[in-house]
Amino acid sequence: MKILVCCGSGLGSSFMMEMNIKKALAEMGVEGEVSHCDLSSAAGNKSDIYVGTRDIAMELTGLGGVVVSLSNMIDKEEMKEKLAAAIREVQAKA
Amino acid sequence: MLKFIMDILSVPAVLIGIVSFIGLVAQKKSTSDTIKGTIKTVMGVLVLSGGAGLAVGAITHFGTMFQQGFGITGVVPHNEAIVGMALKEYGTQTAYIMAFGMVANVLIARFTPLKFIFLTGHHTLYMACMIGIILTVGGLTGIEMIAVGAVVLGFIMALFPAIAHPVMKKITGSDDVAFGHFGTVGYVFAAWIGKIAGNKAQTTEDIHFPQGLTFLRDSSIAISLVMLVLFLIVAVACGPLYVETELSGGQHFLVFAFLQAITFAAGVYIILAGVRLILAEIVPAFTGIATSLVPNAKPAIDCPVVYPYAPNAVLIGFLSSFVGGILGMGILLALDTPVNPIPIILPSVVPHFFCGATAGVFANATGGLRGCVLGAMAHGLLITFLPLLLMPVMGDLGFANTTFSDADFCVVGTILGNVIGALQ
């Protein structure tokens, strides 16, 4: 399972989300590779799940993966819930 | 042997690698993770300097063409470009100040009421670099320079989130998360303008604002487009003869302008990739260590943390700030005289888009739609004028065609540079 977290320049906020997602995956017991990058690089970085805040999530559609749009990047409950749903969707496809 | 140790302790790439190594060991990572992480960090510094060469080359061409076309100095403020340029000479200072500055931040959060841990690693890096430049230009060296730099960095890492926090609580509706991005003075200024000139009754989020501009949030695209406009203007101002004989080696002047604009964006893209590699191990280590040592501190997070709270304010904010930048440039052009020449600060896309957007969200929280427009525009004017105060205290780098862009860099640098100047 490959998860890519994106933000405008791929430095700060996507990195924070990546660290939280890694924790959430460990809690859920899911094996996954999580990384972060800027919007330009997202298309060249094939992933199963793309994560972004809701103000940029539309830029991630059409890349071929399940898009997780977060309305609050620091809300760990929201992140976990949406991530779990996306993981189920990816697993159903496989 | 001594030479070997001195070389290790004075090469930025190695030094930053050691910081990352210590962080990995402190977290008790496996041997393979430690080796991998350390090598990636060293590589990050080298990638960054590769990108800096590209970006600096393009921006220097721009400066030459601006000078030739208009007879004045043009400056495009851009953190990545100036840091890339400065790390060659000030890399050692940067590495030491960054490492000890993070320690100072933890100590300040632990023992003073400023309970904030600054987690925006790239801004910690850029600020460490800026402080290293200012202190070195001011005549400080060695341990004195590192100690002063680290204390200043650690202090502002805790102070600026505290300054932003009252408005931050309004934006997020909670007290749990703090704001960590070195444009704070600009955002608080925008929020203040929003408060006095705005009207909270109508927020930006009540209106329907076209989201078609969201693609500009992709910073590489935004940089390319705006630099393209700027390069085409200076190319036309210079005329084909000058460009083709002096700069492009015969390439058509418009083709040259087009390629240089995107070369600048490409350079920044590589610099960002380098920064990402540098921070990949340092930020998680710092986050883990700091939050375990100071569990009641609030994490201060990069500016996009506020964007989802008001996506319309993000777009309106960056457009308004950009308009402010154009107005500010017009004012500088009007003030510039042959007797008293001043550098012209051009509207640079990254600060206006990222900081302008943030200013918009802050000003919307205090003054609604009208506050957002006016506050972000005031922010755009502010970050156009502030670099003029910073550049004189930056030594040779003050004459570069780029400089630090976000408000806090200019404010801290100007104060620090002038205080040191006054003390000596």
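Author: Two strands pair if DSSP finds at least two bridges between them, where strands (E, at least two residues) and helices (H or I, at least four residues) are DSSP runs numbered from the N terminus. This is a predicted model, in which local features need pLDDT of at least 70 and side-chain atom pairs count only at pLDDT 80 or more, while totals for chains, interfaces and linings use all residues. Residues are numbered from 1 along each chain as its sequence is written, and chains are lettered from A and ligands numbered from 1 in the order in which they are written.

Reader: Why are β2 and β3 of chain B said to stand at the edges?

Author: The open sheet has 3 strands in the order β2-β4-β3, with parallel pairing. Both β2 (116–118) and β3 (178–179) of chain B have a single partner strand, so one side of each lacks a neighbour in the sheet.

Reader: How do you know that the size of chain B agrees with a compact globule?

Author: The radius of gyration, taken over C-alpha atoms, is set against a rule of 2.2 Å times the number of residues to the power 0.38. For 424 residues a compact globule would have a value near 22 Å, and because chain B has 21 Å, the two agree. The C-alpha trace of chain B spans about 60 × 60 × 45 Å along its principal axes, and the chain holds 13 helices and 5 strands. Buried residues (20 or more other C-beta atoms within 10 Å of their own, C-beta atoms being placed from the backbone) make up 59% of chain B.

Reader: Why is strand β3 of chain A called mostly covered?

Author: By that criterion 5 of the 5 residues in β3(A) (49–53) are buried. A:Ile49, A:Val51 and A:Thr53 lie on one side and A:Tyr50 and A:Gly52 on the other, so that both faces are covered.

Reader: Which strands pair with β3(A), and in what sense?

Author: Strand β1 (residues 2–7) of chain A pairs with β3(A) in the parallel sense over 3 bridges, and 5 bridges join β3(A) to β4 (residues 66–70) of chain A, also parallel. A:Tyr50 takes part in both pairings, standing opposite A:Leu4 and having A:Val67 as its bridge partner in β4(A).

Notes. A residue is buried if 20 or more other C-beta atoms lie within 10 Å of its own, exposed if 12 or fewer, and partly exposed in between; C-beta atoms are placed from the backbone.
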